[in-house]
Amino acid sequence: MPLESDNSIDSHLITDAVSPDKDVDGLNTVNEGRVAVGDLSGFLPCTPNGCMELIKRTGIPIAGSHAVIIGRSKIVGTPMSELLKWHDATVTVCHSKTKNMNMTIKKADILVVAVGKPEMIRGAWIKPSAVVIDCGINSIPDPTKKSGQRLVGDVKYDEALVVASYVTPVPGGVGPMTVAMLMQNTVQSAQRVAKRLIDMEFRWTIKTLPLKPLEQVPSDIEIARSQTPKDISLLASEIGLIPSEVSLYGDKKAKISLKVVDRLKNEENGKYVVVAGITPTPLGEGKSTTLVGLVQALTAHKQCNSIACLRQPSQGPTFGIKGGAAGGGYSQVIPMEDFNLHLTGDIHAVTAANNLLAAQLDARIFHEATQTDQALYERLVPAIKGSRKFSPIQLRRLKRLGIEKTDPYALTPEEIRRFSRLNIDPHNVVWTRVLDVNDRYLRKITIGLSPTEKNMIRDTSFSISVSSEIMAILALATSLEDMKQRLAKMVVAFDRTGNPVTADDLGVTGAMLVLLKDAIEPTLMQTLEGTPVMVHAGPFANIAHGCSSIVADDIALKLVGKPGYVVTEAGFGSDIGMEKFFNIKCRASGKIPNAVVLVMTVRALKMHGGGPPVISGAPLRKEYTMENLELVEKGLPNLLKHIENGLKYGVPVVVAINAHSSDTKAEHDLVKKACKQAGAFAAVVSNHWALGGAGAADLAQAVIDACKTKSDFKLLYELDMTIEEKILKIAKEMYGAGTIELSPKVKDAIRLYTEKGFGNLPICMAKTAMSLTGDPSAKNAPKDFKLVINDICLSAGAGFIVPMCGEITKMPGLPTRPSIFDIDLNTETGEIEGLF
């Protein structure tokens with residue numbers, strides 16, 4: 001495009017649309033600005049740079065010479081004057097308003113002309129022996145030429161040739177040099193990218209954010225707001241992402257394309273570390289905080305490529321009693337408000353897809369009950385412009401029914417009936433609506449009460465959004481196609497003969513996929529120290545598999561490269577989140593973990609050792625704030641059981657002692673000794689909450705050392721075991737149970753699932769997180785107890801069966817005083833208050 005023309009145009013709209021890192025023309029404002037301040041490390045504008053090369057080749061010293069530039073264009077004149085200035089010439093710029101220009105030209109040792117007027121500069125104006133660079137190119141009439149025109153420069157060439165020591169011809173002078181410099185910049189660009197990628201394979205060039213921890217640690221939100229996050233596009237570039245792989249959501253978060261994995265498919269994966277915990281107190285033991293602190297330590301203090309992979313928190317706990325899940329103290333994900341609230345809308349997308357399926361399910365029951373076979377068929381396959389045609393999803397249903405026909409007019413009445421009627425049993429509908437809010441009054445509801453629904457009433461319920469099978473699918477899918485296949489296989493009900501009815505049978509698969517197409521991309525954020533975090537998916541660990549997504553881990557493992565580390569989370573204790581991480585997630589992804597980080601606190605051991613109840617919102621009793629070695633020792637069996645659980649998978653276990661100010665050295669020493677005797681690779685005190693990454697440096701080193709050992713990873717059970725055998729294996733090996741008891745309802749369901757071909761699926765136990773048993777009041781590490789399985793459900797799309805131990809609610813309720821009371825928006829500053 002003509003950057004300078006008779007018509008007024010904003011050329012910067014075009015030139016600045018090109019990334020400065022790709023601007024081989026040297027015309028982006030950033031690169032122009034660099035030249036202006038003497039930073040010549042960027043891309044130099046091609047024509048001025050070519051002129052500089054021509055001047056240098058003359059051998060005339062530039063430093064101390066008087067250089068005159070005729071013309072002040074943004075393309076040539078202005079950058080030319082800057083380049084000469086930074087090469088120590090004394091520079092004069094002449095333009096259309098300059099008086100006595102010929103007298104100024106007469107003083108020039110170096111004359112650069114870029115004015116766009118044919119043969120304007122005469123030989124008499126030029127200083128003898130001067131170097132003349134003619135950047136002009138003009139057409140003038142010439143009847144001797146076939147075209148009737150010839151090209152000339154801005155300098156009268158024949159006259160200048162007599163006076164000057166060097167003169168560039170037109171054409172054939174500056175033009176070829178411009179092309180040569182463009183090629184040089186292009187090669188330079190490729191070299192820079194190649195060097196960056198080669199260097200990044202070993203270590204990122206990442207600018208971390210400094211922390212200045214205060215002795216009295218402020219509130220989480222005060223700490224988060226005291227740090228200014230990096231622009232997320234800068235962080236994306238630092239970790240090796242290219243712009244086409246990054247979709248910005250403002251300047252603090254971005255969606256990352258799954259194309260990264262394809263681009264880096266030949267790169268080796270980094271080390272894979274999972275963070276789990278012991279059986280927690282109601283206050284939690286800082287698993288997320290430890291994970292964030294560990295990654296801050298690895299990247300900012302150990303100079304290792306590392307990425308944290310975290311789940312997106314549900315708004316239920318955020319507005320309930322638990323609060324946010326961005327970490328805490330000086331080990332947080334920022335901005336914490338974005339992290340804890342809507343983020344990039346993935347949970348809302350899951351909610352919409354889930355409820356679209358629920359709406360179609362009930363609508364189908366209604367329409368089948370109120371229409372004849374033929375009327376139903378004609379509405380399902382409507383005549384458009386006089387012709388009926390099956391949609392692709394309807395053709396898939398025909399194939400499943402064994403009807404090898406594609407012409408809607410060719411079906412027999414019996415085939416029409418089979419195709420049109422799902423015959424859903426209203427009393428055997430397993431799909432529920434969801435909402436990302438804690439609302440106890442939605443645990444059981446009655447729908448269809450409106451007269452328009454013709455008395456088609458049934459009882460159902462709402463679950464919290466993150467418990468939806470679609471959320472589990474989002475976390476376990478390896479690609480869009482894999483997610484589509486999983487969505488299609490979701491069993492939403494059973495028909496009157498006991499056969500499963502799927503989302504694909506209802507025709508909803510494609511529509512749900514459209515709602516989820518952006519949700520499958522993980523979100524890039526950062527820690528307080530400017531290190532990368534992938535946030536994706538949010539399945540609960542007590543009612544789902546409780547891990548962040550496979551695709552987030554896959555992208556991260558490629559980005560960190562062979563020497564790097566990806567630290568991902570498994571919800572709650574090793575008995576729940578870690579067991580499912582190994583047996584469900586790793587089985588689905590094929591990834592082999594290198595180490596387990598097991599987070600514990602002295603406070604939790606004291607509770608398991610017989611200390612008084614720990615109650616959220618109530619002050620801790622003195623047993624927890626003063627040294628008590630007896631309670632710690634009595635609570636050790638719980639910790640040792642979790643270490644044993646990790647070691648059963650053949651993976652080294654590093655115990656992270658999440659330090660609190662009330663802990664004592666003697667308590668820590670007691671824990672470390674017990675861990676080493678139990679076979680833990682290391683037990684390390686970590687003070688990341690108070691100090692950030694610096695406080696987790698020893699933990700990071702222990703993880704680095706553990707990952708150097710050979711992982712002898714093995715799964716807990718084989719899929720060809722019966723459903724009951726797999727449940728028993730988990731109960732005995734992970735919980736310490738002696739036997740299991742299946743209710744008659746569960747036995748019937750297991751028999752049905754096995755008959756319908758679901759017997760080879762993994763098991764996803766739904767169990768309280770507050771105990772190794774099914775009883776939340778049973779602390780420490782009971783042995784040989786009976787685990788009662790009182791319910792069971794199928795998640796065919798996610799690819800697992802969910803036995804339920806005890807009372808497990810999929811819709812939490814609000815406490816008497818939820819966090820709602822403290823959360824507000826400051827209408828003057830726009831800041832959110834009360835979030836923690």
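Domain bounds, as I use them here, come from an automatic or database domain assignment. I noted that this is a predicted model, in which local features need pLDDT of at least 70 and side-chain atom pairs count only at pLDDT 80 or more, whereas totals for chains, interfaces and linings use all residues. Residues are numbered from 1 along each chain as its sequence is written, and side-chain values use heavy atoms, with hydrogens and water left out.

**Entry 1: domains.** I looked up the division of the protein chain and found domain 1 (11–182), domain 2 (220–344 + 520–599 + 684–708), domain 3 (347–516) and domain 4 (723–805).

**Entry 2: domain 2 against domain 3.** I recorded 35 Å between the C-alpha centres of domain 2 and domain 3. Taking contact as heavy atoms within 4.5 Å, I found 25 residues of domain 2 touching 20 residues of domain 3. For buried area I used the accessible area (1.4 Å probe) that two parts lose on being put together, summed over both. Between domain 2 and domain 3 this is about 1,600 Å², with 67% from carbon and sulfur atoms.

I then examined which elements give two or more residues to the side of domain 2 that touches domain 3, and listed helix 12 (315–319), helix 21 (550–560) and helix 22 (574–589). Helices (H or I, at least four residues) and strands (E, at least two) are DSSP runs, numbered from the N terminus.

**Entry 3: salt bridges.** I counted as a salt bridge a side-chain nitrogen of Lys or Arg within 4 Å of a carboxyl oxygen of Asp or Glu. By this rule the count comes to 43 salt bridges, while the count between domain 2 and domain 3 is zero. I looked at the salt bridge of Arg311 with Glu569, where the closest N and O atoms are 3.1 Å apart. The pair links distant parts of the chain, 258 residues apart: Arg311 is in the loop between strand 11 (306–310) and helix 12, and Glu569 is in strand 25 (residues 565–573).

**Entry 4: Gly286.** I located Gly286 in the loop between strand 10 (271–277) and helix 11 (287–301). Apart from neighbours within four places in sequence, Gly286 is in contact with Val599 and Asn658. I also noted that Gly286 and Lys156 are 130 residues apart in sequence and, C-alpha to C-alpha, 79 Å apart in space.
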